[in-house]
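Open the model in your viewer and keep the selection tool ready. We will go stop by stop, and at each one you select something and look.

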Amino acid sequence: MSPPEFALLFTTVAVGALFQVSIGFGLGLLAAPVIAALDPSLTPVVVLLLATGVTAAVLALDRGHADLRGAGWALVGRVPGALGGAALVAVLPARYLALLVAGVVLAGVAVSLRGFVPRPGRRSVLLAGLVSGVMGTATSIGGPPMAMVWQRLSGPALRSTMSGFFLAGSLMSLAALAATGSVHPDSLRYTALLAPAAAIGVLLARPLSSRLDPRRTRAVAMVLAVASATVLVVQQFL
């Protein structure tokens, strides 16, 4: 990876971490398409490792607001989803995995824009956890299903509940990926190199959160995600 490419990735991770802390998701949505475009072999392990650290930080900051019961049912669904996602990573060629990343981003944005608000009952939370497990393990983008089912929660409750779910869920996904041999030394090396970017995003989010309008922040995240996903799709056919 060239220095300009790494600089782009470093900046994307920092911005994604900022969104993750501010609105509860965004790191995978922004960073996964960029990583897949620059080096598909790093998908999805690097983003999952970075997300583990970021979500742990969010949970520590907003730990008193988490809906542990709801997160628990979502994690029950996450288990089979993680196994299915790991199987996809093991069998899909890099090109199709990249297209899957782009497709998940675009589908997540489309569902969000339609404003669908499901009732956050046990069945819907279980189903969202299952879908998030497949998507999150295969592409590192598991946020949209959970954001959709928990969107009625307040800001701190949304961030902390999603962070608790994603912290445990990311560890599940990483264990499933390790079992299939998808975690390799390059993934660990780039995670270490990008960890300062994630830390910058977390540190900037707190002082900026009071100044950021949640709706506008969410809209900016969606626009950036669509742009990066579109570039990733075009790249696969050049």
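**Stop 1**

Select leucine 130. It sits in helix H6. Remember that this model is predicted.

Together with Leu130 they make a nonpolar patch on the surface. The accessible area of these three residues together is about 230 Å².

**Stop 2**

Select residues 122–139, which make up helix H6. How far apart are the end C-alpha atoms of helix H6? They are 25 Å apart. With 18 residues at 1.5 Å a residue, the helix should span 26 Å, so the two values agree.

Next, colour the buried residues of H6. Among them are Val125, Ala128, Gly129, Ser132 and Gly133. Further along, Met135, Gly136, Thr137, Ala138 and Thr139 are buried too.

Step just past the end of H6 to serine 140. Here phi is positive, at about 70°.

**Stop 3**

Go back to threonine 137, one of the buried residues of H6. Show its side chain, and then show serine 173. A polar contact of 2.6 Å joins the two side chains.

Where does serine 173 lie? It is part of helix H8, residues 155–179. Serine 173 has a relative accessible area of 0%, so it is buried.

**Stop 1: aromatic rings**

Show the rings of the aromatic residues. How many aromatic pairs does a search of the whole structure find? It finds three.

Start with phenylalanine 6 and phenylalanine 10. Their ring centres are 6.1 Å apart. Their planes meet at 50°, so the pair is tilted.

Phenylalanine 6 and phenylalanine 10 are four residues apart in helix H1, so about one helical turn separates them. In general, an α-helix has 3.6 residues a turn, so residues three or four places apart point the same way. Phenylalanine 6 is partly exposed because its relative accessibility is 24%. Phenylalanine 10 is also at 24%, so it counts as partly exposed.

Move on to phenylalanine 165 and phenylalanine 166. Their ring centres are 5.0 Å apart, and their planes are at 65°, so this pair is edge-to-face. Phenylalanine 165 is buried, with 0% relative accessibility. Phenylalanine 166 is buried as well, at 9%.

**Stop 2: the length of H1**

Select residues 3–23 to see helix H1. Its 21 residues should span 30 Å at 1.5 Å a residue. The end C-alpha atoms are 30 Å apart, which agrees.

Colour the buried residues of H1. They include Leu9, Thr12, Val13 and Ala14. The stretch from Gly16 through Ala17, Leu18, Phe19, Gln20, Val21 and Ser22 to Ile23 is buried too.

**Stop 3: the salt bridge**

Select aspartate 186 and arginine 189. Their side chains meet in a salt bridge, at 3.6 Å from N to O. A search of the whole structure finds one salt bridge.

Both residues belong to helix H9, residues 185–209. They are three residues apart, so about one helical turn separates them. Aspartate 186 is partly exposed, at 35% relative accessibility. Arginine 189 is partly exposed, at 44%.

**Stop 4: a cis bond**

Zoom in on threonine 43 and proline 44. Is the peptide bond between them cis or trans? It is cis, with omega near 0°. Proline 44 lies in the loop between helix H2 (27–38) and helix H3 (45–61).

**Stop 5: apart in sequence**

Select valine 234 in helix H10, residues 214–236. Valine 234 is partly exposed, at 43% relative accessibility.

**Last stop: the whole chain**

Zoom out. The chain has ten helices and zero strands. Of its 238 residues, 48% count as buried.

Note on methods. Residues numbered from 1 in each chain as written. Predicted model: local features only at pLDDT ≥ 70, side-chain atom pairs only at ≥ 80, totals over all residues. Heavy atoms only, no water. Helix = DSSP H or I, 4+ residues; strand = E, 2+ residues; numbered from the N terminus. Expected span 1.5 Å × (residues − 1). Buried < 20%, exposed > 50% of the residue type's maximum accessible area, 1.4 Å probe, protein only. Phe/Tyr/Trp six-rings, centres within 6.5 Å; stacked < 30°, edge-to-face > 60°. Patch = residues over 30% accessible without salt bridge, like charges linked within 9 Å, V, L, I, M, F, W, Y side chains within 5 Å. Areas by Shrake-Rupley, 256 points an atom, 1.4 Å probe, with all protein chains shown as cover. Salt bridge = Lys/Arg side-chain N within 4 Å of Asp/Glu carboxyl O. Polar contact = N/O pair within 3.5 Å; in protein donor to acceptor, adjacent residues only side chain to side chain.
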